[in-house]
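Student: I have a new structure to look at. Can you show me how to read its features, one at a time?

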2 protein chains.
Amino acid sequence: MARKTGSHSEITGPRIRAAAQHLFARHGYAAVSMRQIAAEVGVQAGALYLYTPDKQSLLADLMRDHLEGLLEAFADLPPASGPEARLDQFARFHIGYHIDRPDAVFIAYMELRNLEPDNFSAIEALRRRYENALEAILRDGRAAGVFAVPDTKLATLALIAMLTGVTNWYREGGRLGRAEVEAIYADMARNAVGSPARVQHTA
Amino acid sequence: MARKTGSHSEITGPRIRAAAQHLFARHGYAAVSMRQIAAEVGVQAGALYLYTPDKQSLLADLMRDHLEGLLEAFADLPPASGPEARLDQFARFHIGYHIDRPDAVFIAYMELRNLEPDNFSAIEALRRRYENALEAILRDGRAAGVFAVPDTKLATLALIAMLTGVTNWYREGGRLGRAEVEAIYADMARNAVGSPARVQHTA
DNA sequence: GTCTATACAGGGATAGAC
DNA sequence: GTCTATCCCTGTATAGAC
């Protein structure tokens with residue numbers, strides 16, 4: 001099309017969100033200006049406000065979309081039976097999902113302090129739902145005697161921190177392949193909560 | 001208001017750094033203004049420039065001081081013999097040191113993006129020295145046959161991510177005490193790298 | 001639907017009075 | 001050593017032309 005003034009609302013909206021995600025992840029929400037986002041998309045700053053009420057909504061929407069997608073994808077996993085299989089599945093899923101979305105993950109974990117109170121509460125609720133899914137696995141495993149965790153909440157947070165840390169260094173095409181990384185992390189996660197293959201001692 | 005006529009350079013400098021640390025940790029470097037820092041200290045914005053060349057140096061100094069203090073404290077630990085004892089010591093030290101300095105830790109891990117290239121390189125070098133200390137323990141343990149880690153670099157990063165995650169939720173006076181948290185994390189760390197069953201837990 | 005132009009607040013940093 | 005005053009830039013957001 002020769003004309004630049006046609007309707008692009010269906011393409012411009014997603015492009016704005018993509019640019020915002022990329023820039024927020026790279027420089028941080030507070031350090032990124034609406035002008036930068038607009039420049040990346042190829043529109044003027046004022047035009048952004050046709051697609052978002054303000055900068056804060058742009059951030060909150062990115063985080064909510066990410067967490068809702070995460071929960072949905074997790075819910076869609078095939079059922080696994082037994083705490084060990086479920087933990088293995090969780091670890092591999094978590095690694096794989098996060099490796100594929102480094103920008104969204106980075107934002108979701110780093111920009112919480114830049115959310116206004118209402119948005120913060122909503123995002124925290126989603127995050128907690130995900131954590132609860134892992135904690136349920138650990139509780140079941142402890143009840144079944146296959147996991148030795150003194151505190152399931154603490155173990156949940158420790159495992160998620162460990163697994164999420166992969167996004168700090170993993171690069172596509174790097175020394176280790178995706179499947180290798182998933183396997184190694186899944187093993188470490190299972191060992192961390194007391195692999196049944198060895199006798200566990202808890203004071 | 002009566003004018004303050006005395007010299008305060010020896011007290012104002014540290015107070016500026018303390019205020020900056022507190023505000024950077026809470027709101028993020030990019031979101032904090034020099035005027036806010038000055039207000040917290042009780043001076044005018046212009047006065048800050050008697051103590052720091054610019055805002056960037058304030059950030060870089062905080063991060064460098066933190067990491068240098070971390071390395072120094074780690075070097076001062078009493079010698080431990082054997083990879084398992086050394087890993088246990090590392091885990092407890094890491095948790096304890098980080099729990100005591102939530103603001104400094106938060107900044108050191110979250111504000112890397114806001115460092116200018118030269119400062120970033122310097123900070124990264126310090127961080128790598130610390131990671132290398134842990135990796136040496138894991139390598140020795142693998143060579144000795146007490147740790148089962150397919151990749152020591154990956155395991156190093158996974159353990160540090162797990163241990164550092166404690167700062168995301170630990171609060172003084174919370175449900176779990178400091179010693180309990182250290183013990184639980186040290187156990188998880190040791191298990192994660194495949195410590196054999198013979199390890200004794202000293203309560 | 002997108003543009004230019006702009007309002008208005010606030011940013012970092014400096015100069016010079018006291 | 002700290003202040004006031006200020007420079008100049010950049011921030012978010014809006015108004016109105018096309």
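Tutor: Start with a term. A salt bridge here is a side-chain nitrogen of Lys or Arg within 4 Å of a carboxyl oxygen of Asp or Glu. Keep in mind that this is a predicted model.

Student: Which residue does B:R92 meet in a salt bridge?

Tutor: The general idea comes first. Side chains of opposite charge can pair when their charged atoms come close. In this model, B:R92 pairs with B:D88, with N and O 2.9 Å apart. Both sit in helix α4 of chain B, residues 83–99. They are four residues apart, about one turn of the helix.

Student: Where does B:R127 find its salt-bridge partner?

Tutor: In helix α6 of chain B, residues 117–143. The partner is B:E124, and the closest N and O atoms are 3.1 Å apart. Here the spacing is three residues, again about one turn of the helix. B:R127 is buried, because its relative accessible area is 10%. B:E124 is at 17%, so it is buried as well. Salt bridges can also share partners: A:D100, A:R178 and A:E182 are joined into one network that way.

Student: What does A:E124 pair with?

Tutor: A:R128, at 3.4 Å between the closest N and O atoms. Both residues belong to helix α6 of chain A and stand four residues apart. A:E124 is buried, because its relative accessible area is 17%. A:R128 has 45%, so it is partly exposed. Over all chains the count is 24 salt bridges.

Student: How many salt bridges cross the interface of chain A and chain B?

Tutor: Four. One of them joins A:D151 to B:R175, at 2.5 Å from N to O. The interface also has seven residue pairs in polar contact. On the chain A side, the elements giving two or more residues are α1 (9–27), α5 (102–110), α7 (152–164) and α8 (178–192). Helix α7(A) gives the largest share, eight residues. By type, the chain A side divides into 24 nonpolar, eight polar and seven charged residues.

Student: How much area is buried between chain A and chain B?

Tutor: The size of an interface is often given as the accessible area lost when the parts come together. Here the buried area is about 3,000 Å², and carbon and sulfur atoms give 66% of it. In chain A, the residues losing the most area to chain B are A:R113, A:L154 and A:M188, together 23% of what that side buries. The contact takes 39 residues from chain A and 39 residues from chain B.

Student: What does the side chain of A:T164 reach?

Tutor: A:T164 lies in helix α7 of chain A. It is at 9% relative accessibility, so it counts as buried. Its side chain makes a polar contact of 2.8 Å with the side chain of A:H94. The A:T164 side chain also reaches the backbone oxygen of A:I160 at 2.7 Å.

Conventions. Residues are numbered from 1 along each chain as its sequence is written. Chains are lettered from A and ligands numbered from 1 in the order in which they are written. This is a predicted model: local features need pLDDT of at least 70, side-chain atom pairs count only at pLDDT 80 or more; totals for chains, interfaces and linings use all residues. Side-chain values use heavy atoms; hydrogens and water are left out. Contact means heavy atoms within 4.5 Å. Buried area is the accessible area (1.4 Å probe) that two parts lose on being put together, summed over both. A polar contact is a pair of N or O atoms within 3.5 Å; within protein, one must be able to donate a hydrogen and the other to accept it, and residues adjacent in sequence count only if both atoms are side-chain atoms. Ala, Val, Leu, Ile, Met, Phe, Trp, Tyr, Cys and Pro count as nonpolar, Asp, Glu, Lys and Arg as charged, and the others, Gly among them, as polar. Buried means under 20% relative accessible area, exposed over 50%, partly exposed in between (1.4 Å probe, protein chains only).
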